[in-house]
Amino acid sequence: MERIEQHACFGGRQEVWRHRAESLRCDMNVAVYLPPAALRGEPCPVVYWLSGLTCTEQNFITKAAAQQHAAALGLILVAPDTSPRGQDVADDSAYDLGQGAGFYLNATQAPWSEHYQMQDYIALELPALIEQHFPATTHRSISGHSMGGHGALVTALRHPGRYRSVSAFSPIVAPSQVPWGQKAFAAYLGEDKSTWLPWDAVHLINQASERLPLLIDQGLDDSFLNEQLRPELLEAACQKANYPVQLRRHAGYDHSYYFIASFIGEHLAHHAQALR
């Protein structure tokens, strides 16, 4: 791993690292915030943050105002990029497919399958790397926004026992039923819609073998709410499966990082409680 950025921040240090991702077959950037406790060498639990469409590792660390909360709670924050990157990596001219739009799944269709193995990277390779190189415990939680909210939900549901809690801002809860997900799934996974369901939180919640603390915040002025996000579908699935969920709707808030910054402290407190 090569450190390419470091900044003192709330008594801790915001870093960005570049490393070779074997599962993605390319170099990747990942942001790591180390709270003061970690700089003292104390083992700290980790919250993984998955960002949304068009984002990189930079959006969360520069816009979410999360570091001050992580410093106080003794949490390491890990924010990876949203897709594989590079000249040899398949891409598309649209913002919602290709680089910047990995959807946190393992692609099976050419040309995407060569590099777009984001689920293996997020759930397996990256935690192993973090726990090897930083004073991190094996206690993990996961969160995200929009496409990253989808990624957080699906990753937690697909890997029982790996995470203590999960949360999301404005998540795509049913990608197989909305345009963003349908476009990406058709490209990455093929036209057989049965292969889409293992990457759909509404489907997976019915099969969940554990009950993680689940917190979701949704802004009611979000322009994507009714067509792309549809949180009521997850709410109904949780009720049917008897899966406890705290789904909070906020008047006046949109899809931006202003919304995330307003409630990120409560999300990190939610995770800190589970990680203890």
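Helices (H) and strands (E) are named here from DSSP runs, numbered from the N terminus. With that in hand, let us walk through this structure, which is a predicted model.

The peptide bond leading from alanine 110 into proline 111 is cis, and its omega is near 0 degrees. Phenylalanine 103 also has its place in the loop between E5 and H4. Its backbone is worth a look in your viewer: phi of phenylalanine 103 is near 60 degrees, a positive value in a residue other than glycine. Phenylalanine 103 counts as buried because its relative accessibility is 0%, and the cut-off for buried is under 20%.

Serine 170 lies between strand E7 (166–169) and helix H6 (179–189). Phi of serine 170 is near 45 degrees, again a positive value in a residue other than glycine. With a relative accessibility of 0%, serine 170 counts as buried.

Now turn to the start of the chain. Strand E1 (residues 2–9) pairs with strand E2 (residues 12–21) in the antiparallel sense, over seven bridges. Within this pairing, glutamate 5 stands opposite valine 16 in E2. The two strands form a hairpin with two residues between them. Phenylalanine 10 sits in that turn and has a positive phi of about 55 degrees.

How does the span of helix H5 agree with its number of residues? The helix covers residues 147–158, and at 1.5 Å a residue its 12 residues should span 16 Å; the end C-alpha atoms are 16 Å apart, so the two values agree. H5 is also mostly covered, with 11 of its 12 residues buried. Among those buried residues are Met147, His150, Leu153, Val154 and Leu157, along with the glycines Gly148, Gly149 and Gly151. Elsewhere in the model, arginine 158 lies over the face of tryptophan 199, at 3.6 Å from the ring centre.

Searching the whole structure gives 13 aromatic pairs. One of them joins tryptophan 49 and phenylalanine 60, which are stacked at 4.4 Å centre to centre with 15 degrees between the planes. Tryptophan 49 belongs to strand E4 (residues 44–50) and phenylalanine 60 to helix H2 (residues 58–63), so this pair ties together parts that are 11 residues apart in sequence. Both tryptophan 49 and phenylalanine 60 are buried.

Tyrosine 253 and phenylalanine 263 form an aromatic pair of the edge-to-face kind, at 5.2 Å centre to centre and 65 degrees between the planes. This pair links parts of the chain 10 residues apart: tyrosine 253 is in the loop between strand E9 (246–250) and helix H10 (257–275), while phenylalanine 263 is in helix H10.

Ring pairs link Trp49, Phe60, Phe169, Tyr253, Phe259 and Phe263 into a cluster.

Definitions and conventions
Residues are numbered from 1 along each chain as its sequence is written. This is a predicted model: local features need pLDDT of at least 70, side-chain atom pairs count only at pLDDT 80 or more; totals for chains, interfaces and linings use all residues. Side-chain values use heavy atoms; hydrogens and water are left out. Helices (H or I, at least four residues) and strands (E, at least two) are DSSP runs, numbered from the N terminus. The expected span of a helix is 1.5 Å times one less than its number of residues. Buried means under 20% relative accessible area, exposed over 50%, partly exposed in between (1.4 Å probe, protein chains only). Two strands pair if DSSP finds at least two bridges between them. Rings of Phe, Tyr and Trp (its six-membered ring) pair if their centres lie within 6.5 Å; planes under 30 degrees apart count as stacked, over 60 as edge-to-face and the rest as tilted. A charge sits over a ring if NZ of Lys or CZ of Arg is within 6 Å of the ring centre and within 35 degrees of the ring normal.
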